[in-house]
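Dear colleague,

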Amino acid sequence: MAKIIAGIGSSHVPAIGAALDNGKTEEPYWKRVFSGFEKSKEWMAKTKPDVAIVVYNDHASAFSVEMIPTFALGCAAEFPPADEGWGPRPVPVVKGHPALAAHIAQSVILDEFDLTIVNKMEVDHGLTVPMNLLFGQPKDAWPCPVIPLAVNVVMYPPPTGHRCYMLGKALRRAVESYPEDLKVVIFGTGGLSHQISGPRAGLINSKWDKSFLDNLSKDPKKLTRIPHLEYMREAGAEGIEMVMWLIMRGALDDKVDEVYRFYTVPASNTAVGHIILENARKASGTRKVAGKSKRGSAGKSRQAAARKSIHRIASKGKR
Amino acid sequence: MARTQQDYDDIPGTFVFDAERSREGFGINMFCMSLMKDDNRKAFKANEAEYLKKFRLTPEQTEAVLKRDYNRMLELGGNIYFTAKLGATDGHSFQHLAAVMTGASQQDYAAMMLGGGRSVEGNRSRSGKDKSAAKAKAGAKSASKAASASKAKSKASSKSKSKSKSKPKSKSSAKRK
């Protein structure tokens, strides 16, 4: 049986890709960002997933305004990097997993999520930047096949956080009904707070971001109730793409181990957030500590943080 | 013809690219998309007004594009991921465009980002600016909460506590500590 073993949340800022492609990773500005992913790469190298499902959004690369699918699942054998105006990123072609993807499509649609099936698609920085951050910069091939899941967060309204969370659960059921033994990881990408359009561009809300990350770990259901208006008001017009992280979270156990977190401001116009969540090996382990007041403990980030030995890199704590 | 008012129109300095703008701005966005091809970039640069005719923009949209009025393009249905392609065609970095939209110099804008970005304080609401923002926010929040309140009343109150937005500051910060 295939199994989703972990979820990764990561920003997908295009400038991070440009910094990688142009050899700027050692510049202090960028080193601050990339250093936060060193442990993540080690974790990924140890985890060695057989397949990665990457939830991301297209940025006027594969989809223009001619067609705007809410959820589009990549079922192709491969996905070439898109030319986003500066030539395609110099990263390997992303190989798909058509058999598992087809199985997921069939399972999830019968589970009442009406996915769009995509059999030919180029992928942009939304997908390839998080891949670089977790897999490094392989020359010839990525270490595992990838199933892209493109979500519309460009045209309002994106799917609700709750809908995304429930899709995550459907994805999990789909993966777990696949007969082959496969270790699967799922990426939720985008965010965190940022606004890149209009006179309010440049908005960052670190306090809100931290609360989002805390709840993502401990009380994701609380996040599923956040209305779109709140995302846009608090985390910026483009910050609404954080709903994609809830697909990743929905695909995991209710109780997870937060094994790593990183946050820094800024990369270009955006707050960079990153988290790794593993399904708890023993389901009962963490329960006891949280037992008394679930809501209370989830709301108090410091207390929650102290509960476990989490590797945290407090980089440039803002406000 | 007037735009339908939406709750998110209350967010200052923000043009949400919704279904209505998507419809209205189809031509602008398809024009921007065409700039992904080098031949089209050259044709546009050779005669901008002529090239734009292919996309059936309104006179206001045409003017906004020709003047590179990025905020106006957004207001008239352009989307930032698309209009950024026009910026790139002009040889501008994204941060240059962001600075232009905010009315700041690129240097000042970059400095603001390095300093942690634009604060959300005082930038949440058009209707209740600055001092009264908290109040207006509380109103908006309780309205949105009313919907979920039926689910779990106690949860609603813990939500506002942990997010510390809708309640008066002194109260929520006291709770936090």
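Residues are numbered from 1 along each chain as its sequence is written, and chains are lettered from A and ligands numbered from 1 in the order in which they are written.

On confidence, the predictor gives the complex an ipTM of 0.87 and a pTM of 0.84. Chain B has an average pLDDT of 80, with 72% of its residues scoring at least 70 (pLDDT is the predictor's confidence in each residue, from 0 to 100). Within chain B, the pLDDT is below 50 over residues 129-177, although this stretch has 43 contacts in the model beyond near neighbours in sequence. Where pLDDT is low, the predicted coordinates should not be read in detail.

Turning to the interface, 49 residues of chain B are in contact with 36 residues of chain A, two residues being in contact if their C-beta atoms, placed from the backbone, lie within 7 Å. Several helices of chain B each supply at least two residues of the side that touches chain A, among them H1 (19-24), H7 (80-89) and H10 (133-149); helices and strands here are DSSP runs (H or I, at least four residues, for helices, and E, at least two, for strands), numbered from the N terminus. The most is given by H11(B), with 6 residues. Sorted by class, this side of chain B has 24 nonpolar, 16 polar and 9 charged residues, where Ala, Val, Leu, Ile, Met, Phe, Trp, Tyr, Cys and Pro count as nonpolar, Asp, Glu, Lys and Arg as charged, and the others, Gly among them, as polar.

One residue to look at here is Ser22(B), which lies in helix H1 of chain B and touches Val65(A) and Met155(A) as well as Phe17(B) and Gly77(B), not counting residues up to four places away in sequence. Ser22(B) counts as partly exposed because it has 17 C-beta neighbours inside 10 Å; a residue is buried if 20 or more other C-beta atoms lie within 10 Å of its own, exposed if 12 or fewer, and partly exposed in between, with C-beta atoms placed from the backbone.

Chain A has 13 helices and 11 strands, and of its 319 residues 55% count as buried. Helix H5(A) is mostly covered, with 11 of its 11 residues buried, and just after H5(A) comes Gly136(A), which takes a positive phi of about 80°.

Two packed helices are described by the angle between their axes and the distance between the axes. Helix H1 (residues 14-21) and helix H5 (residues 125-135) of chain A pack at an angle of about 60°, with their axes 9 Å apart, and are therefore oblique to each other. Axes are lines fitted to C-alpha atoms, for helices over the stretch in contact, and angles run from 0 to 180 degrees between N-to-C directions; angles under 35 degrees count as roughly parallel, over 145 as roughly antiparallel, 65 to 115 as roughly perpendicular and the rest as oblique. Pro14(A), Ile16(A), Gly17(A) and Leu20(A) of H1(A) make the contact with His125(A), Thr128(A), Val129(A) and Asn132(A) of H5(A).

For helix H6 (residues 161-176) and helix H10 (residues 243-250) of chain A, the axes come within 6 Å and cross at roughly 30°, so H6(A) and H10(A) are roughly parallel to each other. By class, the contact of H6(A) with H10(A) has 9 nonpolar, 3 polar and 2 charged residues.

Finally, some backbone details may deserve a look. The peptide bond from Tyr156(A) to Pro157(A) is cis, with omega near 0°, and so is the one from Val265(A) to Pro266(A), with omega near -10°. Pro157(A) sits in the loop between strand E7 (146-151) and H6 of chain A, whereas Pro266(A) is in strand E9 (residues 256-267) of chain A. Lys48(A), although not a glycine, has a positive phi of about 45°, and Lys48(A) counts as exposed, with 10 C-beta neighbours inside 10 Å.

With kind regards

How values were computed:
This is a predicted model: local features need pLDDT of at least 70, side-chain atom pairs count only at pLDDT 80 or more; totals for chains, interfaces and linings use all residues.
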